[in-house]
Amino acid sequence: MTTEKLQKDQNFCIFDYYLNGVFLKWEEVIGQCPVLIPGQDWVVNLEDGTQITAKIVGTQAVSEDERKIYLSS
C-alpha cells in the first residue's frame, strides 16, 4: 500500500477549542470525531506543555470533520 493511499484512507478530525468564549487553540486528531457530551470533562494539551481540564458546554459542527468545542473553566 502506498503512502498516498494510506493518507487518503486515514480519517481525522479538527477541534477548535474555545474556553469561556475565547479561542484557545486548534488541534488535528487522527481517527473519527468522537461523540462529545455537554457536562463531560475534557483535557486540552497546550503547546507549552500545560494541560487544562474544563467542562464541555457545547459543540458545533463546522463540517463533517471539524468541530468547535466550547469549554467552561
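**Salt bridge and sheet: a conversation**

Modeller: Going by the rule for salt bridges, the count here is 1. This is a predicted model, where local features need pLDDT of at least 70, side-chain atom pairs count only at pLDDT 80 or more, and totals for chains, interfaces and linings use all residues. Residues are numbered from 1 along each chain as its sequence is written, and side-chain values use heavy atoms, with hydrogens and water left out.

Colleague: What makes aspartate 41 and lysine 55 a salt bridge?

Modeller: The term asks for a side-chain nitrogen of Lys or Arg within 4 Å of a carboxyl oxygen of Asp or Glu. Here the N to O distance is 2.8 Å, so the pair meets that definition. Aspartate 41 lies in strand S3 (residues 41-45) and lysine 55 in strand S4 (residues 51-63), so the bridge ties together parts 14 residues apart in sequence. Strands here are DSSP runs of E, at least two residues, numbered from the N terminus.

Colleague: Why is aspartate 41 called partly exposed?

Modeller: Buried means under 20% relative accessible area and exposed over 50%, with partly exposed in between (1.4 Å probe, protein chains only). Aspartate 41 has 46%, so it falls in between. Lysine 55, with 40%, is partly exposed too.

Colleague: What makes S2 and S3 the edge strands?

Modeller: Two strands pair if DSSP finds at least two bridges between them. The open sheet of 5 strands runs S2-S1-S5-S4-S3, with mixed pairing, and strand S2 (22-30) and S3 each pair on one side only.

Conventions: Helix = DSSP H or I, 4+ residues; strand = E, 2+ residues; numbered from the N terminus.
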